[in-house]
Each structure stands twice: as C-alpha cells, then as structure tokens.
Amino acid sequence: MSAAASNTARYWLDEAGAVASSRPPVFPVHAVRADFPALSRTVHGRPLVWLDSAATAHKPRQVIDAVSDFYARHNSNVHRGAHTLAREATDLMESARSRIARFIGAGRPEEIVFVRGATEGINLVAQTWGRSRLSAGDEIVLTTLEHHANIVPWQMLCAEKGALLRIAPLHDDGTLDLPAYQSLLGPRTRIVALAHVSNVLGTVLPVRAMADAAHAHGSVVLVDGAQAVPHLRVDVRELGADFYALSGHKLFGPTGIGVLYGRSELLEEMPPWQGGGSMITSVSFEHTQYAPPPQKFEAGTGPIAGAIGLGAAVDYLESIGPDAAHAHETALVAYARHRLADDVPGLRLLGPSTGVGVTAFTIAGTDPAHIAEALDTAGIAVRAGHHCAQPALRRYGLTAAVRPSFAFYNTHHEIDQLVRELASAR
Ligand code: PLP
C-alpha cells in the first residue's frame, strides 16, 4: 500500500473532524480535475499542486468556453441597441444574473448588482448606504478576523462621518466570542459587517445568530461571503443577510466580476454610487431620473463577459453537486490538519478544527516566505504573508503565516506531497 493510501486509510474523518466509522461517499475528483486545464500543467518540472484557491480558484473548461463563446459569437454591449447581438448579449447577462440569484437564495434577480468583486461590493455599501445613513457617534461592528476589504472601507467612512468601529473578539481557537459580540451591540449600532468564512483561520462565523442579534438592535447586516460561496451552500435570506458580497474569481469564475446582493427595500432607498450611462431613465441639465436597482448601481458598460462566465461557474458547481464537493473538501481539510500536526515538527496550526477551506500554519524558527518559496520549487503553490488580515494574525502574535487553501479539485495525494516537502525542507 502506498504512503498516500495508507495515510488516507488512517484518517477517514467526518464533517466535524472526528474519525468516521465508515468511508464517506467517493467524490469523482479525478474526473472533475480533468475539467480544469491549468491543473495539468507543470511548474519547475513538477506537476502543479494548486493550494492557493483562497486567493483565486482555477477555472473549469465550461467557464473558459462560455467567456470565449461570448466574445466569438455574441459580443455586443447590453441594454441598448435594437439588434440581434445586443439582444443575445443582454439575454446571456440577465440569464446569468437570474441563475446567480437562485444560487445564493436571493428573492429576485434585481437584488443582484454586478460589481468587480467582494471589495467593490463592500465599498459600494459603505459609500452609498453608509454615507447616507451614518452620522457622528454611530457605530459599525466588525470582528477581529475580517479581511482588509471589510475593514478599510468602514474606517474611511468613520473618518468622514465621525462614526466609530467596534471590534468583536476571538477565542484562542479562532472562533468568535459570541457573548462579547452581543455586548457590543447597542442603540448606536447601524451596521454589522462580518466575514461568513475567515480567509486566514477558516472560521465559519455564526451568521444567523449574529444577524438576529444585530436586527434586534435595528442594525443592518453585511456579510463578506468571498470565502464562503466556494465551499458552503449559501442562502442569503436564511442567513439573515441584508447585504452579501462575493468575488467571481474565487468561485471558479472570471476575474473582474463579483456580486453584491442587497435586499430590495435597501437597494431601492440607497442613492447611486457612480453616475453615467445605463444607470438612468432620463437626463436633463436640470434633473436626472435614476433607473431602478440593480441598474442604478451599474453605471457604464459592465463586466458582461465576466457575468456570463460567473453564470457558467455557478452552473458548473450545481452540476458536480455542491454537497458532495463540500464533503470532499471537509475530509481534505481535516486530513491536512492531522497530517501537518502529526508529521511536521514545530508546526503550529491556526484556526479551529472545524475551519473551512484553509489550514494556515507557522513553523517554529522558519520564515513563512521561505517556506512558500521552497514549496514553489516543488510545484506546490501556497500563500505566505499577512493574507490581508493583519489584525487576525496579530491576535495570535503573528505578522505572517503559510496558508495552503483547498478546493474540491484537490486530492489527499497532494496533501501528502505538501507534508513530504515541508518535512524534507526542514
Ligand atoms: N473578503 C475575504 C474574506 C477575502 O478572502 C477576500 C480576498 O481574498 C476579499 C474579501 C477580497 O476579494 P477581492 O479581492 O476579490 O475583492
């Protein structure tokens, strides 16, 4: 029996990371990998091992083909021009909007605003909803584990409005101190902005409980779903999210496209952000009438090919079965945590054992950047650094960590390679 097979047999772990009594259903990972052209390339003469999907995920052929077919056959601007290609492009983009709305459980396609990514979605809310609603002394509640994309836009708003940030703390294991969070909420809380899944700890925040508590204080809730949608089934209404932001490129779609979900009532009341074509119904020098959402927030020519590619990515995920993919990933992350902790001397894992998608770590006496460079020479791609989450790392006394991250196309064998290279690099 190979080392990989024997190690796999040692650890059949259930969803909670406990040793399972039986082998989980087999996910056809090798058939799925064949859909991703980039996964068959080599780096430094070695097969690519892509453990950097939290930074950006690879794209299946189905997404690449959808984007290329748009440019090859249907390329046109949308929402204007009474010719065939304009109608085709508009239908393709609006059909993608409807499928993405269904994928995340939105009530209506009009609740889906196309943006550049999670960062732009959060900035949009800060600059429109936030600027029109906040005044001096109002409070914005964040958590310690936020990505900089969900910190800096709120700091900028606070500087402009005289509002204040309140930060919910974490336990030592990377989970949220829920009572401490609840104690931060009060009559001045206007918005709670939280990550669904942490990009550095893998922590899944208890979004529903946090949203219920925020709503009880009359606050709205924005969820940064950048690291959640690639891994978990998301239903924005069940979560109680008023806003939900995501990035297409982490969801196996193109770069330059993302989604801001907003509840209709909020989007209707919010002022527009950028002005220009496509976001109006009439313009005169005296007065401009804005279009209804989502067009009100989509000034200028949008990311048409990106939206169509993201629609194809969502179709692809539905076709492989998100639940089976998630079960495979859960087993991978649990396996990685056990092997890293057991077989690499001096390695310290970050985040809870129930973490999703990532297993960040440090190795005593070794610079994370040097570890990532050594792994690259073996064809293994991981991130090292602050992961745009400096406050989260600082909470654990760190300025940098190594972060392997996983998607459903990764294998147990790749984790064995990671562990072998780490052990030998030492
Ligand atoms: N939020 C989280 C949790 C992330 O991990 C990231 C990117 O890594 C972002 C937001 C920002 O995403 P983007 O750069 O695609 O806008």
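1. Which residues does the domain assignment of the chain give to domain 1 and which to domain 2? Domain 1 comprises 8-51 + 321-425 and domain 2 comprises 63-319, with bounds that come from an automatic or database domain assignment. The centres of domain 1 and domain 2, taken over C-alpha atoms, are separated by 28 Å.

2. This is a predicted model, in which local features need pLDDT of at least 70 and side-chain atom pairs count only at pLDDT 80 or more, whereas totals for chains, interfaces and linings use all residues. Residues are numbered from 1 along each chain as its sequence is written, and side-chain values use heavy atoms, with hydrogens and water left out.

3. Between the domains, 32 residues of domain 1 are in contact with 30 residues of domain 2 (heavy atoms within 4.5 Å). The area buried between domain 1 and domain 2 is about 2500 Å², 61% of it from carbon and sulfur atoms (accessible area, 1.4 Å probe, that two parts lose on being put together, summed over both).

4. The rule finds 2 salt bridges across the interface of domain 1 and domain 2 (a side-chain nitrogen of Lys or Arg within 4 Å of a carboxyl oxygen of Asp or Glu). Asp-172 forms a salt bridge with Arg-395, with the closest N and O atoms 2.8 Å apart.

5. Phe-36 and Tyr-316 form an edge-to-face aromatic pair, 5.7 Å centre to centre with 85° between the planes (ring centres within 6.5 Å; planes under 30 degrees apart are stacked, over 60 edge-to-face, the rest tilted). Both Phe-36 and Tyr-316 are buried (under 20% relative accessible area, 1.4 Å probe, protein chains only).

Technical notes
Phe/Tyr/Trp six-rings, centres within 6.5 Å; stacked < 30°, edge-to-face > 60°. Buried < 20%, exposed > 50% of the residue type's maximum accessible area, 1.4 Å probe, protein only.
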